[in-house]
Amino acid sequence: MENSLEKLVSLSHKFGKNPEFILAGGGNSSYKNNYAMWVKASGTSMADIDEDGFVCLDRKLMQVLSRRNYSKDASLREEEVKKDLQSAILEPKGKRPSVEASMHEVIQYKFIMHTHPTLVNGLLCANESKKMITELFGDDAVYVPYTDPGYVLFKKVVAALQDYKEEFKKEAQIIFLENHGVFVGADTCEEIDEIYVTIDRKLTEKTPTCLSDINTQENQALLTLAHQIKIKGNNDAIYSICDNSELVKFFVEDEKAFSKVAIPFTPDNIVYCKSKYLYNRVDDDVNAQIEAFLNDNGYYPKVIAFEGKGLVCIEESEKSAKIVLDVFKDMMKVSYLSESFGGPRAMTQEQIDFIDNWEVENYRRQMSKQTK
Ligand SMILES: [Zn+2]
């Protein structure tokens, strides 16, 4: 068992250190035996997690989650679920299990690796995602349509896994979640790797090589624009980071190109970049735009696109600004890749509002600012 936890740690590092699979605090992993499950604690980063970064849960108590009748009211229900999840903790008591821990319990394999891969989301955030998943994976995968994260999504996954088992007489190993990411389960870490390689190969065959996201040269014009930005009345230190890579240039070319990344695709996009982004045309006064943006949305823009020039991301610290940039460039890649599958499918306003008001994600957002 000790040995298995070590294996889980190295598997988590492998995926956590690869930005094509996991960005910022995203993704989670687990190992289980018949009685207990070790799952990533919320707010822990997969890239440098150690054995203390996991929470050990009582599986019998976890199974209560799918049977109990919780409140109809969404926020009451999430509170009740959180309490049950908390009382399933064997050790350490102070940590909070990943909000997706319940899904790890219902996938019947020893090791689970859940990620939000760019390539996979290029398909899962595309208009023809469902049709293409069936075409590419047949009865090797389960497809779960978009559902607000938390308990409702968990119940939907439980039902989808049961249907799959009845129809195909086996346990599902690959679970695709629309506009979100993928769960892969296996009894060995080697097999998890193999499955990810297969997914990667199938999708690579269908998509073009993405545009380069490397910011090769400093663009003086963009830096000058970034220096003009004023965030009034904000006492926190403001950091900005500029990017004019080939990928970014493609999407800031004009407003039409930017419209393909103007609405978030996944809950992660909202957690780190918020749901509205500012587009500045050559003659627009950026500071007047920022004021208007603040009036309309109640927060300052984290992402500002300058027509033809590039992107400026703004945050309270250098580290957070870098995360915003990485996540937004990932959105651009997802949008670019989705063109191979009928073009991008953004989240609806209702889905966006749910994430904006969700306490669990606010917790994750705070944690990501605290760690280093
Ligand atoms: Zn996820």
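Two strands count as paired if DSSP finds at least two bridges between them. Strands themselves are DSSP runs of E with at least two residues, and helices are runs of H or I with at least four, both numbered from the N terminus. With that settled, here is one hairpin from today's structure: β11 and β12, with three residues between them. Gly308 sits in the turn and has a positive phi of about 75°.

Before going on, some ground rules. This is a predicted model, in which local features need pLDDT of at least 70 and side-chain atom pairs count only at pLDDT 80 or more, while totals for chains, interfaces and linings use all residues. Residues are numbered from 1 along each chain as its sequence is written.

Now the whole chain. The protein chain has 16 helices and 12 strands. Along the principal axes, its C-alpha atoms fill a box of roughly 65 × 45 × 40 Å. The radius of gyration, taken over C-alpha atoms, is compared with a globule rule of 2.2 Å times the number of residues to the power 0.38. For 372 residues a compact globule would come out near 21 Å, and the protein chain has 21 Å, which agrees.

Next, burial. I call a residue buried if 20 or more other C-beta atoms lie within 10 Å of its own, exposed if 12 or fewer do, and partly exposed in between, with C-beta atoms placed from the backbone. By that count, 42% of the 372 residues of the protein chain are buried. Two residues are in contact if their C-beta atoms, again placed from the backbone, lie within 7 Å. Among contacts in the protein chain with a separation of 6 or more, 73% join residues 24 or more positions apart.

The chain is divided into domain 1 (2-204) and domain 2 (220-370); such bounds come from an automatic or database domain assignment. The C-alpha centres of domain 1 and domain 2 lie 28 Å apart. Each domain contributes to the contact: 26 residues from domain 1 and 26 residues from domain 2. Which elements give two or more residues to the side of domain 1 that touches domain 2? They are α5 (118-124) and α6 (129-137). The largest share of that side, five residues, comes from α5.

On to the sheets. Eight strands form an open sheet with mixed pairing, in the order β4-β3-β2-β1-β5-β8-β7-β6. β4 (89-91) and β6 (141-144) are at the edges with a single partner strand each, so one side of each has no neighbour in the sheet. Neighbouring strands here are turned by 20° against each other on average, direction ignored. For such angles, axes are lines fitted to C-alpha atoms, for helices over the stretch in contact, and values run from 0 to 180 degrees between N-to-C directions. Within this sheet, β7 (residues 174-177) and β8 (residues 181-186) run antiparallel and are joined by four bridges. Leu177 stands opposite Gly181 in β8. Helix α6 packs on the sheet, touching β6 and β7, and its direction makes about 175° with that of β6.

The other sheet is open and mixed too, with four strands in the order β9-β12-β11-β10. Its edges are β9 (239-243) and β10 (278-280), each with a single partner strand, so one side of each is left without a neighbour. β10 and β11 (residues 303-306) pair in the parallel sense over three bridges, and Leu278 has Ile304 as its bridge partner in β11. β11 and β12 run antiparallel, joined by four bridges; here Ile304 is partnered by Val312 in β12. β9 and β12 are antiparallel over five bridges, where Ile241 has Cys313 as its partner in β12.

How many of the six residues of β12 are buried? Six of its six residues are. Gly310, Val312 and Ile314 are buried on one side, and Leu311, Cys313 and Glu315 on the other.

Helix α9 (residues 220-228) runs at about 155° to β9, and helix α14 (residues 318-338) at about 140° to β12.

Leu325 is buried, with 26 other C-beta atoms within 10 Å. Leaving aside neighbours within four places in sequence, Leu325 is in contact with Ile241, Asp243, Leu311 and Cys313. The C-alpha atoms of Leu325 and Val312 are separated by 8.0 Å, at 13 residues apart along the chain.
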